[in-house]
Amino acid sequence: SQFIDHLIDAPGLPVFLFLDEMANVGQLSNFTNIISTARSSQLSFMICLQSISQLKQIYGDSNAKSILNNVKCKIALPGLSDIETLNYISDLAGFTEVKIDDRLMTKKLFTADEVRRLKDNTALLIMDNKLPIVDNLNIYYNQKKYLNNL
């Protein structure tokens, strides 16, 4: 928390903070306000969570919702199992129109079950106001070109 406060108060170069397993860090003081104003301080965050329930457990329902609303990009990996998180991702992905018996019907672009069953080594990306993307993961430890540099 002190480091983040210092970065906000001290003008300088843009800083990107990667908070892997953020739920295990515990509550960062004033994080709800920080994440909503961070971009104006050239500060950006990548927060990694196993589920939305982890965020709610630490920050409470309304603060968790605010944090999620201020994260521009959400990425779902295969094998999610938390129903709330699956439904959240499914709802964010939106709807599409399909033609059934000469009628246009609306259906979810990704049901919660389809999010859960994403193919191995793929990810579902939901970025800002763009259409969702399913893309292949670039896993460094499976590729010689990256391993040769270690």
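Contact here means heavy atoms within 4.5 Å. With that settled, here are some notes for a first look.

1. What you are looking at. This is a predicted model, in which local features need pLDDT of at least 70, side-chain atom pairs count only at pLDDT 80 or more, and totals for chains, interfaces and linings use all residues. Residues are numbered from 1 along each chain as its sequence is written, and side-chain values use heavy atoms, with hydrogens and water left out. Helices (H or I, at least four residues) and strands (E, at least two) are DSSP runs, numbered from the N terminus.

2. Start with helix α3. In α3, residues 52–59, have a look at Ile52, Leu55 and Tyr59: these are buried, meaning under 20% relative accessible area, while exposed is over 50% and partly exposed lies in between (1.4 Å probe, protein chains only). They span an arc of only 60° around the axis, so they sit on the same side of α3; the arc is taken from the directions from the helix axis to the C-beta atoms. As a rule, an α-helix has 3.6 residues a turn, so residues three or four places apart point the same way. The buried residues of α3 pack against α2 (31–37), α4 (61–69) and α5 (83–93). After the helix comes Gly60, with a positive phi near 85°.

3. How do α3 and α5 pack? Their angle is about 110° and their axes are 7 Å apart, which makes α3 roughly perpendicular to α5. For the terms: axes are lines fitted to C-alpha atoms, for helices over the stretch in contact, and angles run from 0 to 180 degrees between N-to-C directions. Under 35 degrees counts as roughly parallel, over 145 as roughly antiparallel, 65 to 115 as roughly perpendicular and the rest as oblique. On the α3 side, Ile52, Ser53 and Lys56 meet Glu84, Thr85 and Tyr88 of α5.

4. The other helix of that pair. Buried residues in α5 are Thr85, Leu86, Ile89, Ser90 and Ala93. Their arc around the axis is only 135°, so they too lie on one and the same side, that of α5. Their cover includes α3, β3, β4 (95–100), β5 (103–108), α6 (112–116) and β6. Gly94 follows α5, and its phi is positive, near 90°.

5. A quick stop at Thr32. This residue is found in helix α2 and is buried, with a relative accessible area of 12%. Leaving aside neighbours within four places in sequence, Thr32 is in contact with Asn63, Ser66 and Ile67.

6. Now the sheet. Three strands form an open sheet in the order β3-β6-β7, with antiparallel pairing; two strands pair if DSSP finds at least two bridges between them. β3 and β7 stand at the edges with a single partner strand each, so one side of each has no neighbour in the sheet. The twist averages 30° from one strand to the next.

7. Strand β6 and its partners. Is β6 largely enclosed or left open? Five of the six residues of β6 (residues 122–127) are buried, so the strand is largely enclosed by the rest of the structure. Four bridges pair β6 with β3 (residues 73–76) in the antiparallel sense, and Lys74 has Ile126 as its bridge partner. Four bridges also join β6 to β7 (residues 133–136), again antiparallel; here Leu125 has Ile133 as its partner, and Thr122 has Asn136. β6 and β7 form a hairpin with five residues between them, and Asp128 in the turn has a positive phi of about 50°.
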